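Subject: A structure for you to explore

Hi there,

Here is the structure I promised to pass on to you.

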Amino acid sequence: HDLQEPLRTVSSFVQLLSKRYKGKLDDKADTYINFAVEGTTHMQKLLQDLLSFSRAGGGRLNLQPVDLQSVLHKVVQSMGRRIHETGAEVTGEGLPVVTADETQMSQLFQNLISNAIKFRGEDNPMIRISAEHNEHHWIFRITDNGIGIDPNNIDRIFLIFQRLHRREEYPGTGIGLAICKRIVERHGGEITVESDPGEGSTFSFTLPDQEAEERPVISAAVP
């Protein structure tokens, strides 16, 4: 927050220079002004994402029963314009009710779906969300038909500021998946990905089934 205020001041004056003097000086001056505008815009985005990363790992989780089917529906609605513009199809049925922080679950789904849309291939994005129960955990899978990931880079993608592509190719700061990892781990789960270049990706994450953990184990004597 302390860094944002001086950056807003710098950004405001740089944008003012651009509006007032662009085209009135030489070409080099216009280029320098454009670099300054792009630099301050990117820095603002970095700070906003850093705040999101910090919030994802701080404070107390508001744990309560969360209907993930409803969460997915709200996330898809909020992303409606982008989904429509890219021709994406997002489907998911049978998602359970889990004990979690609803705000963080929304952010988790939004980041993973947004990622699948961003790194799309030539075909319209097809994103499938599914869930299955495995003993004491729920396992969720988000599968897409995007550009995929080189297996050699899989360990890097969940690290903060680790980008696999130039910003000119795919915008962003490289924080989204780091936020996802932090959210899942705060809820007692793990997140992984299986992918190959050109073959799409499947992000999987687990969440504990609190009801299963609290359910007593009843043993019966064998006669």
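Predicted model: local features only at pLDDT ≥ 70, side-chain atom pairs only at ≥ 80, totals over all residues.

Residues are numbered from 1 along each chain as its sequence is written, and side-chain values use heavy atoms, with hydrogens and water left out.

**Confidence**

pLDDT is the predictor's confidence in each residue, from 0 to 100. The chain averages 80, and 77% of its residues score at least 70. Where is confidence lowest, and where is it highest? Helix H7 (residues 210–214) has the lowest, with a mean of 59, while strand S5 has the highest, at 95. Over residues 215–223 pLDDT stays under 50, and the model has 0 contacts beyond four places in sequence for them; contact means heavy atoms within 4.5 Å. Helices (H or I, at least four residues) and strands (E, at least two) are DSSP runs, numbered from the N terminus.

**The core**

A nonpolar core is a set of buried Ala, Val, Leu, Ile, Met, Phe, Trp, Tyr and Cys residues joined through side-chain atoms within 4.5 Å. Buried means under 20% relative accessible area, exposed over 50%, and partly exposed in between (1.4 Å probe, protein chains only). The largest such core here has 39 residues, and those with the most contacts inside it are Leu 68, Phe 109, Leu 112, Ile 113, Ile 129 and Phe 205. Among the elements that give two or more residues to this core are helix H3 (68–78), strand S4 (126–134) and strand S7 (201–208). Which element gives the most? That is H5, with 7 residues. Ile 129 touches, among others, Leu 72, Phe 109, Ile 113 and Ile 142, leaving aside residues up to four places away in sequence.

The buried residues of H5 include Leu 108, Phe 109, Leu 112 and Asn 115. Is Asn 115 buried or exposed? It counts as buried because its relative accessibility is 16%. Beyond four places in sequence, Asn 115 touches Leu 177 and Phe 203.

Leu 177 is also one of the buried residues of helix H6 (residues 176–186), as are Ile 179 and Ile 183. Just after H6, Gly 188 takes a positive phi of about 85°.

**Charged pairs**

How many salt bridges does a search of the whole structure find? There are 5, a salt bridge being a side-chain nitrogen of Lys or Arg within 4 Å of a carboxyl oxygen of Asp or Glu.

- Lys 74 and Glu 102 meet in one (3.7 Å, N to O). Lys 74 lies in helix H3 and Glu 102 in helix H5, so the pair ties together parts that are 28 residues apart in sequence.
- Arg 141 pairs with Glu 132 (2.7 Å, N to O). Arg 141 is partly exposed, at 28% relative accessible area, and Glu 132 is partly exposed as well, at 39%.
- Glu 185 pairs with Lys 181, with the closest N and O atoms 2.7 Å apart. Both lie in helix H6, 4 residues apart, about one turn of the helix.

Enjoy exploring!

Best wishes
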